[in-house]
Amino acid sequence: MRTSAVATGLFAAAAYATSAPTCEGPPCMTAAQAQTVATNFGDLISAYSTANAEAYLTADYTDYSSSVNTLIDYGCPAGPVPLDAPTFTSRAAFIQGQGSQPDIPFNQENLWYTCDTVFIRWSTTVAPGSPETVTGIIAAETVYNATAAFPFQIQTVYSEFNSGAWLVDLGVFKPTCPPPPPPKNKRSVGSNLPARMA
Ligand SMILES: *[C@@H]1O[C@H](CO)[C@@H](O)[C@H](O)[C@H]1NC(C)=O
């Protein structure tokens, strides 16, 4: 009996050992995988497609951007979107919102990453000839899904950018700019000249 109990115990332990999860968590992303995450997110800004949104983002994707909320609100304090509210609370909402936006360039300026998060500094031109370049920083948290085509799926994005410059580019915000200084001329010595020499 005792032997059999021990044997049973050993067998159970062995079965447990083969079926128990290991202590290893999901793998850390490599530099190449971090770049893929950045490129994928950039694609959704510069060459949007719903198929790509479904391939790159988790279904519970959430996007926080008070900068985007500012644009949606046209800078108006009364909203409609509170600045601290999430911009999109699902992939479906992103598809509905981002999918209707014109594509704009996504220029990656810097990239940093951890095991599961990618940080991108980027710049864009809202429209050809826009007076002001817009620069922003994105933190994109991912979850690992070994069976997905892109295993580091973007789940949460925190994205802020220069919405002031963006509103100038849209013509929504018209800055009051000082007049340009008069052209400098070697012979001009300022306003102290006698009137006859001016
Ligand atoms: C992982 O990816 C597969 C293939 O795209 C998908 O069917 C599945 O729903 C994903 N799992 C989770 C938890 O998102």
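Which strands does H2 lie across, and at what angle to E2 does H2 run? In this predicted model, local features require pLDDT of at least 70 and side-chain atom pairs count only at pLDDT 80 or more, whereas totals for chains, interfaces and linings use all residues. Residues are numbered from 1 along each chain as its sequence is written. Helix H2 lies across E2, E3, E4 and E5 and runs at about 140° to E2; axes are lines fitted to C-alpha atoms, for helices over the stretch in contact, and angles run from 0 to 180 degrees between N-to-C directions.

The protein contains six helices and five strands, taken as DSSP runs numbered from the N terminus (helices H or I, at least four residues; strands E, at least two). Along the sequence these elements follow the pattern α-α-α-β-α-α-β-β-β-β-α. Of the 198 residues, 19% count as buried. A residue is buried if 20 or more other C-beta atoms lie within 10 Å of its own, exposed if 12 or fewer, and partly exposed in between, with C-beta atoms placed from the backbone. Among contacts between residues at least 6 apart in sequence, 59% join residues at least 24 apart, a contact being two C-beta atoms, placed from the backbone, within 7 Å.

The five strands form an open sheet of mixed pairing, in the order E1-E5-E4-E3-E2; two strands pair if DSSP finds at least two bridges between them. The edge strands, each pairing on one side only, are E1 and E2 (107-113). From one strand to the next the twist averages 20°. Strands E4 and E5 run antiparallel and are joined by nine bridges. Ile138 has Ser159 of E5 as its bridge partner.

The largest nonpolar core has 21 residues, of which Val37, Phe41, Val118, Ala140 and Ile154 touch the most other members. Such a core is a set of buried Ala, Val, Leu, Ile, Met, Phe, Trp, Tyr and Cys residues joined through C-beta atoms within 7 Å. At least two residues of this core are supplied by each of H2 (31-46), H3 (50-56), E1 (57-64), E3 (117-124), E4 (134-144) and E5 (152-161). The largest share, five residues, comes from H2. Apart from this core lies another, of five residues, including Val126, Val134, Phe161 and Leu167. Beyond its neighbours within four places in sequence, Val37 is in contact with Val118, Ala140, Thr142, Phe152 and Ile154.

The residues around the ligand are Thr58, Asn145, Thr147 and Ala148, where a residue is near a molecule if its C-beta atom, placed from the backbone, lies within 6 Å of it. This shell divides into one nonpolar, three polar and no charged residues.

Two loop residues are described individually. Tyr74 lies in the loop between H4 (66-72) and H5 (91-98). Its phi is near 50°, a positive value in a residue other than glycine. Most residues other than glycine have a negative phi. Tyr74 counts as exposed because it has 11 C-beta neighbours inside 10 Å. Thr125, in the loop between E3 and E4, is partly exposed, with 15 other C-beta atoms within 10 Å. Leaving aside neighbours within four places in sequence, Thr125 is in contact with Ile104, Pro105, Ser130 and Thr133. The C-alpha atoms of Thr125 and Ala165, 40 residues apart along the chain, are separated by 10.0 Å.

Methods. Ala, Val, Leu, Ile, Met, Phe, Trp, Tyr, Cys and Pro count as nonpolar, Asp, Glu, Lys and Arg as charged, and the others, Gly among them, as polar.
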